[in-house]
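Let's take a walk through this protein together, from its core to its charged pairs. Have the model open beside you as you read.

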Amino acid sequence: MNKIIRFYTLTCLLALTSISNYTIAAIVKGHISDKQGENLEFVSISLTQKNNKSIFSGSITDSIGNYVITNVAPGEYILEASFIGYQSYVTNIKVTDKNSTVSVKEIVLKEDAKLLDQVEVVGQASQMRFDIDKKVFNVDQNLAASGASASEMLQNIPSVEVDNDGNVSLRNSSSVEVWINGKPSGLTEDNRAQILEQMPAGSIESVEVITNPSAKFNPEGTAGIINLVLKKDRKAGYYGSVSLGGNINIYGKPEGNVGANFNYNSSKVDFYANIGFRLMNSTSRSLTDRYSFTPGTNMLDTISFLNNTTKGSRFGGGLFARMGADFHLDKKNTLSISFMGHGGMNKSLNSTDYTQIAWAALDSTIYNRSNSQKGMHPSYHVGLDYLYEIDSKGSEIRAGVSYGGHKRSGDYYYTQTVQKGDIAEYNQIQRLDGRNHNAEAKVDYTQKFGTNMKLEAGLYGKWDNRKSPSRTWNEMPDGSQELEQYNDFNYNEWIGAFYATYGAKFGGFSMSAGLRTEYTNTKVATRDNETDDYTYTNRHYWEVYPTVFLSYAFKNNHELQANYTRRINRPRGRQLNSFRNTSDSTNIEFGNPLLDPEISSAVEINYIKSWEEHVLSASLYYRFSDNVIERVRYLDDDNVMYTTFENISKRQSLGIELVSKNKLCKWINLTTTVNGYYSKMNDVYYDTDLDGTPDLLYEAQDNFSWDIRLMANFIMPKNFSAQLTGGYRSPQVVAQGTSRGSYSIDLGVRKSFLNKKLNLALSVRDVLNSRRWANTTYGDNFWQYSEFIPRGTTFSLTLTYNFGNTQGKRKTNGNQNNMNMSSDYDEMGDSF
């Protein structure tokens, strides 16, 4: 127990240590490994003055086991290396020249079996930690996500929202990239929702929210990047787990999931495999009220009223698989291969009742439109990566290539029956056959100069192709079929990029600056008749994306950070596809192949202060976006609502985000996130009547919105633990209207058996049955209210069994300390 306390004390000490200019300070450095020769990361190093026994300074080993202590004055010291699960190592060193470098001999730590048992009893990973360029949320211990999908798990991440269609947004912006293990991994706007819905939350170790990525990374997504880090620990030997779970919601729809993962690690090869199957069975409800009126009368001269209510059901199953291997060819060369895929089928049935009233004549039309759908959506992604470690400082060359594909095909059946009114009855069949293919190649070079300077440079290339032909037939009275609509969409995109970044540390001051330039060439080909030639829309452009990161670590454990980035949101998928979705004859959607990319510049200032059992982070951010891509809606004379995409306006957002982590007592940890932001959008114009003159859809509008999320973790006796998560989001401005506020509460409880080899978890999602989406939209001649109600309160029970021949040699993420604060970059940032 004393070693655990010592570890926490030394970790806190690191944040208190101010580093002076390295050119005038003595340096103590070395390397730490275990008996199997594996590098040990996050080992605490303390340097104690021999004459008065006071701790002088300290450090923590990096990802390859190296440590460096700077600003060491001449004298005699005691150096101690300690790490949870290992026996401490102590040695004497002497510094005789303030400008010298003292190289300590290799330190090999031995396991401490007794301490490992203690860690099993009291240890719990932190739910969140801070890095200089991101926030990291460890979801491995997220009880509310037990048995859930990745999409459902993301709903509990601060500043992240997931709507009823599975669309992900960050800080009120849907222009966000979702990555897996630091790269896109084949996720696109077309398949992201399906993959996240099939991916088990239990396969995810942490979620990194990167609001302002450096120039090293793809600038796609003006709001930033959400990176899902999948489980892949390194332990000598083999280990894994199997799980079985079931869900049921308040409407009596059962669901199930089963999964397994296996890992084998040695000095020569690391192998991992994950597989999971999910059975989905859900219901939903939605409603829409629409008033149409004479333009400019603001509903005083109402022409008609339309109400529709929809009841929907969905059933399907999907398989998610991931595997890979790292081959350590020697101490400097590593070759890695990886595969990720998912496949499944789904069926859905929706029935919509319409009531339309002509206001003046009080004449009503009542009819029903039902649609059923069945389809497949397989996808795959393969990668080959190579790592060459140039030296022990962290200089390296990384290269990788990847290829992926996604297919989304299905048949849709529409039937319209009329109870009253003069409209036609019909049956329609629609067939979609969407296929996406993408390839990437990149080379990254990192050169470290000493311990305080680093230069990075790299090349990147990407090709993306999307095809989605569709056909719609009318069923005639004699049973024959007549082609009603044909659409063929073919999109190609090529991107070439070069970047360079430079980083340095001078005392407590750290900086990193970078520049990325990209050339983009796109070609959109469309046609509405199979015998016609394609109509092409070509775009090509150069863009430059600068990034700057500044940080200063003060004494007394607090830090100030500032950064600037420029990013892009390229239109893709359904945003560009001119295909008209007629699944609802009163609401027709189509894309716009003439869209321009949205460009955004963002500035963010962060302040972090930590105490022994508390951490406070405050972020002030400003984002300016031009050519904002948004949905626009307009109503024609036949009372049909059309929805498309347009570069509508300029938008400004100014916000503040407060995050606090508090250890209230030995058995309660509380994490609170409050986000408040002001948003302003300029006047929006759109050529609704296609006469070449844009019409004013709505005037400039602004709004202040806020949201709050709390997560409480409870550590209880008898191997019980619990978690309570709650959140509220206020109303906010959307294009042509506002969205209604919402709130939700999730609960999870877990009991461990057999020395934590067997775990039983019970979770309740949406305890109050309050998770729903509603918005109000309006135009010059309409006002509309829409609401969507998902599956409702869901109860989940999951049983997990862990196995393996290892104990305690877990490669941590530096989060053993419940109040950890890190200002080092890692794989997704810039480290020194």
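Which residues of the largest nonpolar core touch the most other members? They are Leu154, Ile157, Val168, Met199, Ile204, Val207 and Leu228, out of 26 residues in that core. Please keep in mind that this is a predicted model.

## The nonpolar cores

In soluble globular proteins, nonpolar side chains tend to be buried together.

Setting aside neighbours within four places in sequence, Met199 is in contact with Ser149, Ala150, Ile180, Ile204, Leu228, Leu230 and Phe320.

## The overall picture

Stepping back, the secondary structure consists of four helices and 47 strands. The protein has 832 residues, and 53% of them are buried. Among contacts between residues at least 6 apart in sequence, 68% join residues at least 24 apart. The accessible surface comes to about 35700 Å², with 56% belonging to carbon and sulfur atoms.

## Salt bridges

How many salt bridges does a search of the whole structure find? The search finds 22. In one of them, Glu543 pairs with Arg566, with the closest N and O atoms 2.9 Å apart. Glu543 sits in strand β29 (residues 535–554) and Arg566 in strand β30 (residues 558–569), so this pair links distant parts of the chain, 23 residues apart. Glu543 counts as buried, at 18% relative accessibility.

Arg651 and Glu630 also form a salt bridge, at 2.4 Å from N to O. Arg771 lies in the loop between β44 (758–765) and β45 (773–779) and Asp746 in strand β43 (residues 742–753), so the pair ties together parts 25 residues apart in sequence. Arg771 is buried, with a relative accessible area of 13%, and Asp746 counts as buried at 1%. Elsewhere, a network of salt bridges links Glu220, Glu493, Arg516, Glu518, Arg570 and Arg572.

## A buried glutamate

Is Glu456 buried or exposed? Glu456 is buried, because its relative accessible area is 2%. This residue belongs to strand β25 (residues 453–467), and its side chain makes a polar contact with the side chain of Lys216 at 3.2 Å.

Note on methods
Residues are numbered from 1 along each chain as its sequence is written. This is a predicted model: local features need pLDDT of at least 70, side-chain atom pairs count only at pLDDT 80 or more; totals for chains, interfaces and linings use all residues. Side-chain values use heavy atoms; hydrogens and water are left out. Helices (H or I, at least four residues) and strands (E, at least two) are DSSP runs, numbered from the N terminus. Buried means under 20% relative accessible area, exposed over 50%, partly exposed in between (1.4 Å probe, protein chains only). A polar contact is a pair of N or O atoms within 3.5 Å; within protein, one must be able to donate a hydrogen and the other to accept it, and residues adjacent in sequence count only if both atoms are side-chain atoms. A nonpolar core is a set of buried Ala, Val, Leu, Ile, Met, Phe, Trp, Tyr and Cys residues joined through side-chain atoms within 4.5 Å. Contact means heavy atoms within 4.5 Å. Accessible areas come from the Shrake-Rupley method with a 1.4 Å probe; for residues, only the protein chains shown count as cover. A salt bridge is a side-chain nitrogen of Lys or Arg within 4 Å of a carboxyl oxygen of Asp or Glu.
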